[in-house]
Amino acid sequence: MFSIQSKWRYLIMFLGIQLVVMALLSREGYQKRVTYFIRIFRKPDGGAVSGRNHTTPTISGGDVYANLSHLPKAHGHRDDMPYCPKTSPLIGGPIHVSFPSRLSLAEVERKNPLVVRGGQYRPPDCVARHRTAIIIPHRHREHHLKFLLYYLHPFLQRQQLKYGIYVIHQAGNYTFNRAKLMNAGFREAMKEEDWDCLFFHDVDLIPEDDRNTYVCDSNPKHAAIAMDKFGYKLPYKMYFGGVSALTPLHYLKMNGFPNNYWGWGGEDDDIGVRVSLAGMYITRPSLKVGRYKMIKHKLDKGNDVNPKRFNMLAKTRQTWRADGMNTVEYEVISREYLPLYTNITVNIGTEAGLHPPPRTPGPAPKAEAKDAAEKPKEK
């Protein structure tokens, strides 16, 4: 009798658990938790990538340099060279991203022998169909820059692009201004080459899938749609941050980026609004392809949260034509053609302007005035 009651009790408990699980699965917010719970009892897949930086280990990645080993080691461009295929045969899909502590720029340079002075590249065995400039706003982020260069160079080479990488370095210690640096980068890059696409790229975001092609669409493109920081989801509809792509025509049509966002936050949303106000819309790759891993870091010194950002965003409709590419002011301090990138150091001034007016000297201190009065006059 006892055993029959026990069986019924266990059966009821089992059915109850099934009902709870079904209820949880019906709600989107619990699906990941249930999946994680089930994976605890499964044997790990030998081909999956492990590590705390990978929030979705079901998608494994390969070596970003693997598909480049057979390329010719020297440029042999001829007049009769064919165009590269519309879809590059070197594209491999998901990429394994990790951050080895001993990586150096010298190692990155050694692994990219076809990259020439200034961070320029063109396919050695075909004529590229697209010319893309990468604009990276920068200050005091050399540690992040070497990781981005390590992955970005082979990532772009697998897509058979002609490309150049421009690091736009803000001089001085005044508050960081990401959007104004990108305006300066656009102008300086276009002086050197007739680029048909410009990617504006945060230094701490590493692309995880080379099917996310760095070419422009018919409308402005937001490439970093799925960051690990946001659980590989788009945080909100008008988000345009991280990595975005525009043609020169797109850029000028929306009057570039705003110049008056000093500090962290707000400029991405302003840019998204500008796209709409200029009569364009934002295109995006799929969530599966537009994946990026962020290099974890604290908020930089000199890049504090901008307390004015919400008030400024509320006025974008009135200000976008009067503040942007048509009003940007900066000075180029230096231009260095380094092995892996072109470094352009610029003075972008402060909120008071590029060259604030000098302060009017006030009256002399009383002590100095007294000394001057007591000093005997020369005869």
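**Questions about a predicted model**

Modeller: We can start with serine 88, which sits in the loop between H2 and H3. The model is predicted, so local features need pLDDT of at least 70 and side-chain atom pairs pLDDT 80 or more, while totals for chains, interfaces and linings use all residues. Residues are numbered from 1 along each chain as its sequence is written, and side-chain values use heavy atoms, without hydrogens and water.

Biologist: Why does serine 88 count as buried?

Modeller: Buried means under 20% relative accessible area, exposed over 50%, and partly exposed in between, with a 1.4 Å probe and protein chains only. Serine 88 has 8% relative accessibility, so this residue counts as buried.

Biologist: Which residues is serine 88 in contact with, leaving aside neighbours within four places in sequence?

Modeller: Contact means heavy atoms within 4.5 Å. On that basis serine 88 touches Arg158, Gln159 and Gln160. Glutamine 160 is 72 residues away from serine 88 in sequence, but their C-alpha atoms are 6.2 Å apart.

Biologist: What makes the approach of serine 88 to arginine 158 a polar contact?

Modeller: A polar contact is a pair of N or O atoms within 3.5 Å; within protein, one must be able to donate a hydrogen and the other to accept it, and residues adjacent in sequence count only if both atoms are side-chain atoms. A polar atom of the serine 88 side chain lies 2.5 Å from the backbone oxygen of arginine 158.

Biologist: Where does histidine 153 lie, and is it buried or exposed?

Modeller: Histidine 153 belongs to helix H4 (residues 142–158). Its relative accessible area is 0%, so histidine 153 is buried. A polar atom of its side chain is 2.9 Å from the backbone oxygen of leucine 340. Beyond neighbours within four places in sequence, the contacts of histidine 153 include Asn112, Tyr163 and Leu340.

Biologist: How do you know that cysteine 84 and cysteine 126 form a disulfide?

Modeller: A disulfide is a pair of cysteine sulfur atoms within 2.5 Å. The sulfur atoms of cysteine 84 and cysteine 126 are 1.9 Å apart, so the pair qualifies. Cysteine 84 is in the loop between helix H2 (28–40) and helix H3 (105–110), and cysteine 126 is in the loop between strand S1 (120–121) and strand S2 (131–138), so the pair ties together parts 42 residues apart in sequence.

Biologist: How many disulfides does a search of the whole structure find?

Modeller: The search finds two. The other one joins cysteine 197 to cysteine 216, with 2.1 Å between the sulfur atoms. Cysteine 197 is in strand S4 (residues 197–201) and cysteine 216 in the loop between strand S5 (205–207) and strand S6 (221–222), so parts 19 residues apart in sequence are tied together.

Biologist: Why is H5 described as largely enclosed?

Modeller: In H5, 11 of the 15 residues are buried, so the rest of the structure largely encloses this helix. Among the buried residues are Leu181, Met182 and Phe186.

Biologist: What makes S5 and S7 edge strands?

Modeller: The open sheet of three strands runs in the order S5-S9-S7, with mixed pairing. S5 and strand S7 (226–227) each have a single partner strand, so one side of each is left without a neighbour in the sheet. Two strands pair if DSSP finds at least two bridges between them. S5 and strand S9 (residues 291–294) have three bridges, in the antiparallel sense.

Terms used:
Helix = DSSP H or I, 4+ residues; strand = E, 2+ residues; numbered from the N terminus.
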